[in-house]
Amino acid sequence: MIDLISDTATRPSPEMRRFMAEAPVGDEQLGEDPSVNRLQEMVAELTGKEAALFLPSGTMCNIIGIKLHTQPGDKIVLERHAHPFTSEAGGPGLLAGVMTHLVDGVRGVFTPQQVEEAAQPGDGIHTPPTTLVCIENTHNRGGGKIWPLETLEAVADKAHDLGLKVHLDGARLLNAVVATGIPAHVWCAKMDTCWIDLSKGLGCPVGAVLAGDRETIRRARRYKQMFGGAMRQAGIIAAAGIYALQHNVERLAEDHANARLLATGLAEIPGIAIDPDEVETNIVFFDVAGTGRTAQEINQALIGHGVRMGAVGRTRMRAVTHLDVSRADIERAVEVMRMVVAGAR
Ligand SMILES: *Cc1c(COP(=O)(O)O)cnc(C)c1O
């Protein structure tokens with residue numbers, strides 16, 4: 001199966017598994033796991049922060065980030081398609097007790113003006129306090145969109161001027177880093193907390209790392225414990241992260257080239273609507289309305305030929321490139337799509 005459903009479809013490579021098997025370990029809850037500690041130091045350095053915390057998932061990075069900067073009853077500002085709103089099972093409402101103020105971005109990107117409007121303090125009696133802005137870079141539902149750095153900085157400056165904190169969902173921050181050449185510490189400089197996912201394009205089986213200043217990360221450890229995210233000999237899985245940061249970052253450029261190749265191939269198929277110029281990293285959204293079939297039907301037909309993508313709307317589809325798909329796989333995927341659509345018409 002050429003599996004383009006997500007960049008989470010990767011399997012740990014034999015080299016990564018070997019590195020994991022040989023990792024030195026200790027009790028992570030006591031701060032004694034050398035592999036966890038090393039990974040945390042690597043991510044703190046990468047993001048230019050004082051400290052970092054290894055967590056089981058990106059979802060836990062987001063909820064802890066939200067907890068750190070808010071009180072129950074506060075309002076947070078998020079883009080309409082931001083992951084904590086669409087895909088985290090209502091966690092911000094249940095676990096942090098916050099209200100979400102959604103702003104409409106352009107492929108996930110919003111402006112300082114929108115933050116200002118959303119954060120109107122009102123009279124402070126009837127209105128909830130707004131305490132946090134969340135930014136997602138790259139933006140998943142925005143099609144792997146990279147925030148323009150100036151816009152990201154301007155949003156953070158505006159938020160700070162208004163007394164709000166800023167949290168960066170960097171599930172795919174390293175895709176933005178590799179695509180732009182702008183280092184992670186520059187992207188993260190104005191962020192109060194930021195995180196990277198290890199289980200997306202980096203190819204690890206599990207894990208994510210949250211970073212911030214020392215005091216913030218000390219507080220985050222309590223929430224990690226509270227949410228059941230504190231582990232024991234977690235160096236086994238942290239080692240995959242170390243391996244990935246050493247071996248799987250620069251190669252994200254191949255995923256971007258493959259996504260671009262996929263997009264240009266799909267654009268040539270009658271009935272498929274896509275603008276290849278919008279593909280900046282490893283996520284490709286397109287619409288199949290012109291084929292006369294639904295996304296679900298197209299995907300079922302693809303699966304019959306050994307290719308899987310995601311049906312994310314009635315006629316909207318998503319394909320994500322990653323380290324387990326090659327250029328040849330992408331060429332094959334385009335061929336299969338051409339065949340399936342021709343059959344459909
Ligand atoms: C996948 C994803 C998450 C959640 O990460 P998990 O490790 O799957 O919990 C959060 N934000 C974005 C943008 C994502 O793509």
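Axes are lines fitted to C-alpha atoms, for helices over the stretch in contact, and angles run from 0 to 180 degrees between N-to-C directions. The model is predicted, so that local features need pLDDT of at least 70 and side-chain atom pairs count only at pLDDT 80 or more, while totals for chains, interfaces and linings use all residues. Residues are numbered from 1 along each chain as its sequence is written, and side-chain values use heavy atoms, with hydrogens and water left out.

The loop between α12 (252-267) and β9 (283-287) holds N282. This residue is buried, with a relative accessible area of 0% (buried means under 20% relative accessible area, exposed over 50%, partly exposed in between, with a 1.4 Å probe and protein chains only). Leaving aside residues up to four places away in sequence, N282 touches D7, R172, N175, D255, H256, A259, A319, V320 and T321.

K200 lies in the loop between β7 and β8, where an unreviewed UniProt entry places the feature "modified residue: N6-(pyridoxal phosphate)lysine" at K200. UniProt positions are given in the numbering used here, feature names are shortened, and annotations may be inferred rather than shown by experiment. K200 is buried, with a relative accessible area of 13%. Its contacts, not counting residues up to four places away in sequence, are D7, T8, T10, A171 and R172.

The strands β7 and β8 are part of an open sheet of 7 strands with mixed pairing, in the order β2-β8-β7-β6-β5-β3-β4. Because β2 (51-55) and β4 (99-103) stand at the edges, each with a single partner strand, one side of each is left without a neighbour in the sheet. On average, neighbouring strands of this sheet are turned by 20 degrees against each other, direction ignored. Within the sheet, strand β5 (residues 130-136) and strand β6 (residues 165-170) run parallel and are joined by 5 bridges; the partner of C134 in β6 is H167. Helix α2 packs on the sheet, touching β2, β7 (193-197) and β8 (208-212), and its direction makes about 125 degrees with that of β2.

Helix α2 also has a helical partner. Two packed helices are described by the angle between their axes and the distance between the axes. For α2 (residues 34-47) and α11 (residues 235-247), the angle is about 35 degrees and the axes are 8 Å apart. S35, V36, R38, L39, M42, V43 and L46 in α2 meet G235, A238, G241, I242, L245 and Q246 in α11.

Notes: Helices (H or I, at least four residues) and strands (E, at least two) are DSSP runs, numbered from the N terminus. Contact means heavy atoms within 4.5 Å. Two strands pair if DSSP finds at least two bridges between them.
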